[in-house]
Amino acid sequence: MSTEETSRFVRLRVDIVLELDDEGAVTGAALERLAEDPELPDAERAHAESAVTEDTAEALAYLVDPFGLVSGVPGVELVQASWSTERIDYDPDSPEWDLDEDDDEEGDAMDRNG
């Protein structure tokens, strides 16, 4: 039997490109979230505050909530999540950024069904 027939676990990959038009707002929101987190130890808070202040991409990573993406989906439970952010060169006219072209058949199936 294939993994598709036997496993109840599904990996969902999402690639999102965001344009930051107000980096101060992103950084401020991340600092607010850090300040409001009662379970964050002081040493970790200081490190996180430094990271989000120095790099807006890091600030964005503190604001993204993958649990929120699927919390309202019936019949699923998020068991693990990881995410990262990075600054990129983006050209919407470049073929590299054509979202209609998938590298594998799974993406093709999603395009047809999704």
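Modeller: Happy to! Helices here are DSSP runs of H or I with at least four residues, strands are runs of E with at least two, and both are numbered from the N terminus. Read that way, the elements of the chain run α-α-α-α-α-α from the N terminus on, which gives six helices and zero strands. Please keep in mind that this is a predicted model. The chain averages a pLDDT of 84, and 82% of the residues score at least 70.

Let us settle on helix α3, starting with its neighbour α2. Among the elements of the chain, α2 has the highest mean pLDDT, at 96. The axes of helix α2 (residues 23-36) and helix α3 (residues 42-54) come within 9 Å, crossing at roughly 175°. Angles over 145 degrees count as roughly antiparallel, and α2 is therefore roughly antiparallel to α3. On the α2 side, Thr27, Ala30, Leu31, Leu34 and Ala35 make the contact, while α3 brings Arg45, Ala48, Glu49, Val52 and Thr53. Sorted by type, the residues of this contact are six nonpolar, two polar and two charged.

One more residue of α2 deserves a glance: Glu32 is found in this helix. Glu32 counts as exposed because its relative accessibility is 52%. From Glu32 to Glu49 is 17 residues in sequence and 9.7 Å in space, C-alpha to C-alpha.

Now turn to the other partner of α3. Helix α4 (residues 56-63) packs with α3 at an angle of about 125°, and their axes are 5 Å apart. This angle makes α3 and α4 oblique to each other. Here α3 contributes Ala48, Ala51, Val52 and Glu54, and α4 contributes Thr56, Glu58, Ala59 and Tyr62. The residues of the contact of α3 with α4 divide into five nonpolar, one polar and two charged. Ala48 and Val52 of α3 take part in the contact with α2 and also in the contact with α4.

Stepping back to the whole chain, buried residues make up 15% of its 114 residues. The chain exposes about 10,100 Å², with carbon and sulfur atoms supplying 47% of that area.

A last word on where to be careful. Helix α6 (residues 105-113) has the lowest mean pLDDT among the elements, at 47. Over residues 107-114 pLDDT stays under 50, and the model has five contacts beyond four places in sequence for them. Where pLDDT is low, predicted coordinates should not be read in detail.

Conventions
Residues are numbered from 1 along each chain as its sequence is written. This is a predicted model: local features need pLDDT of at least 70, side-chain atom pairs count only at pLDDT 80 or more; totals for chains, interfaces and linings use all residues. Side-chain values use heavy atoms; hydrogens and water are left out. Axes are lines fitted to C-alpha atoms, for helices over the stretch in contact, and angles run from 0 to 180 degrees between N-to-C directions. Angles under 35 degrees count as roughly parallel, over 145 as roughly antiparallel, 65 to 115 as roughly perpendicular and the rest as oblique. Contact means heavy atoms within 4.5 Å. Ala, Val, Leu, Ile, Met, Phe, Trp, Tyr, Cys and Pro count as nonpolar, Asp, Glu, Lys and Arg as charged, and the others, Gly among them, as polar. Buried means under 20% relative accessible area, exposed over 50%, partly exposed in between (1.4 Å probe, protein chains only). Accessible areas come from the Shrake-Rupley method with a 1.4 Å probe; for residues, only the protein chains shown count as cover. pLDDT is the predictor's confidence in each residue, from 0 to 100.
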